[in-house]
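Trainee: I should like to work through a structure with you, taking one question at a time. May we look at it together?

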Amino acid sequence: MSKFNWHSEPLSDQTIITKDFKNTQNVRRYFRSHFGESWKNNRIFMAWFKDNDGKTLKEAVEEFKNQYI
C-alpha cells in the first residue's frame, strides 16, 4: 500500500487522516479555504492529527472550530 502524498494529492472533506500525515502547504491551503488566509496552525492542533488518524479532514475542521473559534 502506498503512502498518501500530503504534498500533492487533492484534499477534500472526505480525505482520511493517515498515520503519515504531514502539515504541508497543500494542507494549509485546505484549511485556509475553510477559515480564511489568516488561519494558522499550532502545536496542539498538530498533536490532534497524530491522535486521530482514520478521521476525516472535515472532522479536523470541526475540531478546530470547537477549540479555537
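Trainee: Is Glu-62 buried, partly exposed or exposed?

Mentor: The model is a predicted one, and the class follows from the relative accessible area. Buried requires under 20% and exposed over 50%. Glu-62 has a relative accessible area of 35%, so the residue is partly exposed.

Trainee: Which side chain meets that of Glu-62 in a salt bridge?

Mentor: A salt bridge here needs a side-chain nitrogen within 4 Å of a carboxyl oxygen. The pair in question has an N to O distance of 3.6 Å. The partner of Glu-62 is Lys-65.

Trainee: What is the relative accessible area of Lys-65?

Mentor: Lys-65 is classed as partly exposed, and partly exposed is also the class of Glu-62. The value for Lys-65 is 37%.

Trainee: How many salt bridges does the rule give, and how many residues apart in sequence are the parts that the pair Asp-53 and Lys-19 ties together?

Mentor: The count comes to two salt bridges. In one of them, the side chains of Asp-53 and Lys-19 meet at 3.7 Å, N to O. Asp-53 belongs to the loop between helix 2 (43-51) and helix 3, whereas Lys-19 belongs to the segment before helix 1 (25-35), so the parts tied together are apart in sequence by 34 residues.

Trainee: Of Asp-53 and Lys-19, which counts as exposed?

Mentor: Exposed requires over 50% relative accessible area. Asp-53, at 32%, is partly exposed. With 73% relative accessibility, the residue that counts as exposed is Lys-19.

Trainee: Is Thr-56 buried or exposed, and which residues does Thr-56 touch?

Mentor: Thr-56 is placed in the loop between helix 2 and helix 3. Its relative accessible area is 18%, so Thr-56 is buried. Leaving out residues up to four places away in sequence, Thr-56 touches Asp-13, Gln-14, Thr-15, Ile-16 and Ile-17.

Trainee: What arc around the axis do the buried residues of helix 1 cover?

Mentor: Those buried residues are Asn-26, Val-27, Tyr-30, Phe-31 and Phe-35. They lie on the same side of helix 1, because the arc they cover is only 165°. Gln-25 and Ser-33 are exposed on the other side.

Trainee: Which helices are included in what covers the buried residues of helix 3?

Mentor: The buried residues of helix 3 are Leu-57, Ala-60, Val-61 and Phe-64. Their arc around the axis is only 105°, which puts them on the same side of helix 3. In general, an α-helix has 3.6 residues a turn, so residues three or four places apart point the same way. The cover of the buried residues of helix 3 includes helix 1 and helix 2.

Trainee: How far apart are the end C-alpha atoms of helix 3?

Mentor: Helix 3 has 12 residues, and at 1.5 Å a residue these should span 16 Å. The distance between the end C-alpha atoms agrees with that expectation: 16 Å.

Trainee: Which residues make the nonpolar surface patch of about 350 Å²?

Mentor: One member, Ile-69, is placed in the segment after helix 3 (57-68). Ile-69 counts as exposed because its relative accessibility is 69%. The patch is made by Ile-44, Tyr-68 and Ile-69.

Methods. Residues numbered from 1 in each chain as written. Predicted model: local features only at pLDDT ≥ 70, side-chain atom pairs only at ≥ 80, totals over all residues. Heavy atoms only, no water. Patch = residues over 30% accessible without salt bridge, like charges linked within 9 Å, V, L, I, M, F, W, Y side chains within 5 Å. Areas by Shrake-Rupley, 256 points an atom, 1.4 Å probe, with all protein chains shown as cover. Helix = DSSP H or I, 4+ residues; strand = E, 2+ residues; numbered from the N terminus. Buried < 20%, exposed > 50% of the residue type's maximum accessible area, 1.4 Å probe, protein only. Contact = heavy atoms within 4.5 Å. Arc of directions from axis to C-beta. Expected span 1.5 Å × (residues − 1).
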